[in-house]
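Please look over the sequence and the model below before reading on.

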Amino acid sequence: MCRILFLFFALAKGATAFAQVTEDQINVYLDCPGCDLNYVKNEIKFVNYANDPLRAQVHILVSSQTTGSSGAVHQLEFLGKEGFDDDKFTLEFQAEPTMTSLEKQQGLVRTIKLGLIPFVAQTTMVSDLDLSVKNQEKPKETTPVGKSKKLLDSWLFEVFSSFNWDNESLRSTFDLRYGMHVEYVTPEWRIRIDPNFYFQERVVRTDEEEIRSYRRQNGYNAKVVKSLGDHWSVGVFNNIYSNTYNNVKFGMWLAPAIEYSFLPYSEVVTREFTLAYHVGRLHNRYFEETIFLKMEDEVYSHVMDVNLHLRRQWGDVTMFMQGSCFLNDWSRNHLSINGRVGLRVFKGMTFNMGGTFRIVNDQITLPRGDTTLEDILLGQKQLATAYNSNVNFGVRYTFGALYNNVVNTRL
């Protein structure tokens, strides 16, 4: 028994020593959803990694925003605390769309290293710093963003497709999706065109019969947006579509829009609060006669969007609300609220909550007559509803070792 207790004590003491950190290194909390923490720890070994932001001397908050070329701008905020209270600054790393996952992680690590230098320089480790410049030749002439010499420099073209086949003895599903993404982005203009096509076949086999159902969705989304300064923008939206699920043989939506940003657009990476208003014409032709005894509809409607996004040290908040109604019949309306909140309640404790709630009073495309059991079970046709909702929440509590710099990916 004594030997077992001695062995347990030795293992516990060894584990504690294994997780020890160096006291003269600064304590860093990395708040980066897109970072591979094991890779960062392996590449940056001159700091201690805190498991709780309240135990950190430097809080690195990383926010990302997609660029017009389908890349991403990562904004890294270095927030000093506990002796570094006046040291706060921001660096940026732009990931090109052609970069591999490893190249993106390498770029993030390099930027994190650069941001940590001012903090490490104030410690006893300053004598260990060794800086060098790989290429000291005169840099090649570059074209500033938004001032491209060639027209196509601001255009992005992307073609995509996906195929999936699930097959069992009694049922199978075939999915085919393909399309194209075209985008033009400058500081003054944003043009986007997204043609897309989708086909699905489902088969259910029984002893008596074989049931086949099909679902098709084709069309494109397009918008042209013009910047009017730090807070205003205007645009035109156009959608043309066909959707068997919604009973729309041909549909078109054309609407001008205006948006106001309560915060400067330059701060969109870490915080965003916008209000947008659309008013336009909707024209539908149907596969089947609707519950309103129509084979065709033409209505005018208006839509208002409210969008809020914050990402700070204490957590993050994302809220989106959209309300719409027909101008000729205000009883035909739609309200959608989506939200997510993540809060650090106290040291080690994080609370997350999210959900969606929709009030639906504008289902003018529903086909007349009874929906077959096959369509209901296979989800091939839209069903009448007055609302739909979902809620999710979770709690995470971290305790134990406050710092751990170990990288171990075995099994």
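## A polar contact at S336

In this predicted model, the side chains of S336 and N338 are joined by a polar contact of 3.4 Å. S336 belongs to strand β15, which covers residues 329-346. With a relative accessible area of 9%, S336 falls under the 20% limit and therefore counts as buried.

Leaving aside residues up to four places away in sequence, S336 touches F320, M321, Q322, F357 and R358.

## The disulfide

The structure holds one disulfide, and the two cysteines that form it are C32 and C35, whose sulfur atoms lie 2.1 Å apart. The torsion about the S-S bond of C32 and C35 is about 75°, and the disulfide is therefore right-handed.

Both partners are buried: C32 has a relative accessibility of 12%, while C35 has a relative accessible area of 15%. Another cysteine, C325, is also buried, with a relative accessible area of 8%.

## Helix α3

Helix α3 spans residues 101-120, a run of 20 residues, and from its first C-alpha to its last it reaches 28 Å, which is close to the 28 Å expected at 1.5 Å a residue.

Which residues of α3 are buried? They are Q105, G107, L108, V109, T111, I112, G115, L116, F119 and V120. These buried residues of α3 pack against several other elements, namely the strands β1 (27-31), β3 (58-66), β4 (72-80) and β5 (88-95), together with the helix α2 (37-43).

In soluble globular proteins, nonpolar side chains tend to be buried together. In this model, the largest nonpolar core has 25 residues, and those with the most contacts inside it are I26, L30, I44, V58, I60 and L116. The elements β1, α2, β3, β4, β5 and α3 each give two or more residues to this core, and the largest share, six residues, comes from α3.

## The surroundings of I60

When residues up to four places away in sequence are not counted, I60 touches V28, Y29, L30, D31, E77, F78, I112 and L116.

Note on methods
Residues numbered from 1 in each chain as written. Predicted model: local features only at pLDDT ≥ 70, side-chain atom pairs only at ≥ 80, totals over all residues. Heavy atoms only, no water. Disulfide = S-S within 2.5 Å. Buried < 20%, exposed > 50% of the residue type's maximum accessible area, 1.4 Å probe, protein only. Helix = DSSP H or I, 4+ residues; strand = E, 2+ residues; numbered from the N terminus. Expected span 1.5 Å × (residues − 1). Contact = heavy atoms within 4.5 Å. Polar contact = N/O pair within 3.5 Å; in protein donor to acceptor, adjacent residues only side chain to side chain. Core = buried A, V, L, I, M, F, W, Y, C linked by side-chain atoms within 4.5 Å.
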